[in-house]
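Trainee: I have a new structure to look at, and I would like to work through it with you. Could we go step by step?

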Amino acid sequence: MKKFPTKKSNPFRLGLLAATLLAGAAPAAAGDLTFTPLLTLSEEYNDNVLETAHDKKSDFVTRAQPGAALRYGSRFLTGDLSYNFDYHYYARGTRDEEKNHYASLHGTAEIVDNFFFLEVSDTLSRVSLDVTRDVTGESLFANQSDQNTAIVSPYLLWHLGEKGTLKTGYRFRDTTYWGSPAISKRENQGFAEAGLELSPKFSLSAGYVFAAVSTDIIDYDQHDLSTGFKYEYADKSFLFGGIGNRWQRFSGSRDVSNLFWNGGISRDFGQLVATLQTKVVFTEDPLAVSTKEKTYEGSLEKTLDHGAAGGAIGYTKYTDTTSMATDRKKAYLSGFSRYELAPRLSGSLVLLLDRVSRRATTDYAYHLSGTAGVSYAFNYDITASLSYSYIDYRRDWESAADARTTNRLILSLKKLF
């Protein structure tokens, strides 16, 4: 069986090469070009920098993040490119200095007027290895991996009368990981997506995708067939639904079939928006070949005179489709608020509580995190912010024994040039 090498060239080069093709393929046309350098400097006090339950060590972490953003737009070519370098220095030597890179590219070229297009994207970032919990916002390094996702997609856009469209094309996707046991993947896809607007408020859609997928572990073919609708039953209020099926044939293994769907209702009451939704998606899981994610969620968001507040409650089940075994379940509750305290001064609060079923008795089932912060916008595109975060992991909610707690206080300064 084909194996990918553990060391390989950076796929971000693929996106840069594709961007060059975009520039050469699109008809020459004058466009707008903007270039924005930026620099963020921050100092953090962390009372549990190694994220342990016992023998906690504190440290001061200096962080420097220089970067830049480039945007181009014309009649036939649009593109966005950004890059950030992220440097960490630990004053007390609890960890060696760290250097991370973040980059993103997205571009679209209209090669033949309103018919033939080429779209490319590439994202280099840090991602959480645990599909049930995104820890990149609360930790500088733990349980994470470098991930690069590159996509190149030429496609044709067929116009079926005045209200119908058919999009047909090819898509290549490369997802590569470094410095972790994560599973890299490559996909070659052929797709067709149809849309029909029956009225300004009601539309139908259908699609088919064939993909040949190679991973570090196993290769497989898959077919997706789906259909859906969207109906605006009141101003900014929607009823939507879609259903489909995915067939997967794994090499040296059995074939599997899985339904997927996305349905729900949203209601705009003016300053309050309520949404109920259920969906099944096949999510990118760094530690699995193929993972199905089934979610039921309700959310509320209220617009305030000088801010907004909202929350969500939900339940998610994760299934490994190679074995059809339900791996983990998660129940969660989240809330947020942001408010303009004064001109140029704003505050925010984010809370999250979740419970994930444990694979072993040593796993932390409960997770609580909260972040409160304020920021002030000075002249000359300078923003200063101060935030405090509390993170608590517990095996049992009623007991703090072996709990892993972390307090983070961060002062940062950001300048756009």
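This is a predicted model: local features need pLDDT of at least 70, side-chain atom pairs count only at pLDDT 80 or more; totals for chains, interfaces and linings use all residues.

Trainee: Then is asparagine 188 buried, exposed or partly exposed?

Mentor: Asparagine 188 belongs to strand S8, which covers residues 185–199. Its relative accessibility is 34%. Buried needs under 20% and exposed needs over 50%, so asparagine 188 counts as partly exposed.

Trainee: Which side chain does the side chain of asparagine 188 join in a polar contact?

Mentor: Leaving out residues up to four places away in sequence, asparagine 188 touches Tyr170, Arg171, Phe172, Phe210, Ala211 and Ala212. One of these also makes a polar contact with asparagine 188, side chain to side chain, at 2.5 Å. That partner is tyrosine 170.

Trainee: How far apart in space are asparagine 188 and serine 214?

Mentor: Along the sequence, 26 residues separate asparagine 188 and serine 214. In space we go from C-alpha to C-alpha, and the separation is 8.9 Å.

Trainee: Let's move to threonine 78. What separation do the C-alpha atoms of threonine 78 and histidine 106 have?

Mentor: Threonine 78 sits in strand S3 (residues 77–90), and with a relative accessible area of 38% it is partly exposed. Its contacts, not counting residues up to four places away in sequence, are Tyr72, Gly73, His106, Gly107 and Thr108. Histidine 106 is 28 residues from threonine 78 along the chain, yet their C-alpha atoms are separated by 8.3 Å.

Trainee: And arginine 126: is it buried or exposed?

Mentor: You will find arginine 126 in strand S5, residues 116–128. Its relative accessible area is 16%. The limit for buried is under 20%, so arginine 126 is buried.

Trainee: With which side chain does the side chain of arginine 126 make a polar contact?

Mentor: The contacts of arginine 126, apart from residues up to four places away in sequence, are Asn100, Tyr102, Thr136, Phe141, Gln144, Ser145 and Asp146. A polar contact at 3.3 Å runs from the side chain of arginine 126 to the side chain of aspartate 146.

Trainee: Serine 128 is in strand S5 too. Which backbone oxygen does its side chain reach at 2.7 Å?

Mentor: Serine 128 counts as buried, at 10% relative accessibility. A polar atom of its side chain lies 3.2 Å from the backbone oxygen of aspartate 130. The one at 2.7 Å is the backbone oxygen of arginine 133.

Trainee: Now the aromatic rings. Are the rings of tyrosine 220 and phenylalanine 250 stacked, edge-to-face or tilted?

Mentor: The count comes to 10 aromatic pairs. In this pair, the ring centres are 4.9 Å apart and the planes are at 45°. Stacked needs under 30 degrees and edge-to-face needs over 60, so the pair of tyrosine 220 and phenylalanine 250 is tilted.

Trainee: How many residues apart are tyrosine 220 and phenylalanine 250?

Mentor: Both residues are buried. Tyrosine 220 is in strand S10 (residues 219–234) and phenylalanine 250 is in strand S11 (residues 237–250). Their pair links distant parts of the chain, 30 residues apart.

Trainee: What about tyrosine 366 and tryptophan 397: at what angle are their planes?

Mentor: Tyrosine 366 is in strand S18 (residues 366–378), while tryptophan 397 is in the loop between strand S19 (382–394) and strand S20 (404–416). Their ring centres are 5.8 Å apart, and the pair is tilted because the planes are at 50°.

Trainee: Which ring does the charged end of arginine 246 sit over?

Mentor: Charges over rings turn up at lysine 167, which lies over the face of tyrosine 155, 4.2 Å from the ring centre. For arginine 246, the distance from its charged end to the ring centre is 4.0 Å, and the ring is that of phenylalanine 282.

Trainee: Last one: what volume does the largest cavity have?

Mentor: The structure holds 1 cavity of 30 Å³ or more. The largest cavity is lined by Asn46, Val49, Glu51, Ser139, Leu140 and Phe141. Its volume is about 30 Å³.

Terms used
Residues are numbered from 1 along each chain as its sequence is written. Side-chain values use heavy atoms; hydrogens and water are left out. Rings of Phe, Tyr and Trp (its six-membered ring) pair if their centres lie within 6.5 Å; planes under 30 degrees apart count as stacked, over 60 as edge-to-face and the rest as tilted. Helices (H or I, at least four residues) and strands (E, at least two) are DSSP runs, numbered from the N terminus. Buried means under 20% relative accessible area, exposed over 50%, partly exposed in between (1.4 Å probe, protein chains only). A charge sits over a ring if NZ of Lys or CZ of Arg is within 6 Å of the ring centre and within 35 degrees of the ring normal. Contact means heavy atoms within 4.5 Å. A polar contact is a pair of N or O atoms within 3.5 Å; within protein, one must be able to donate a hydrogen and the other to accept it, and residues adjacent in sequence count only if both atoms are side-chain atoms. On a 1 Å grid over the protein atoms alone, a cavity is a set of points where a 1.4 Å probe fits but cannot get out, and a pocket is an open set with protein on both sides within 12 Å along at least five of seven lines; lining residues have an atom within 4 Å of a point. Grid points are joined across faces, edges and corners, and a volume is the space filled by probe spheres set on the points.
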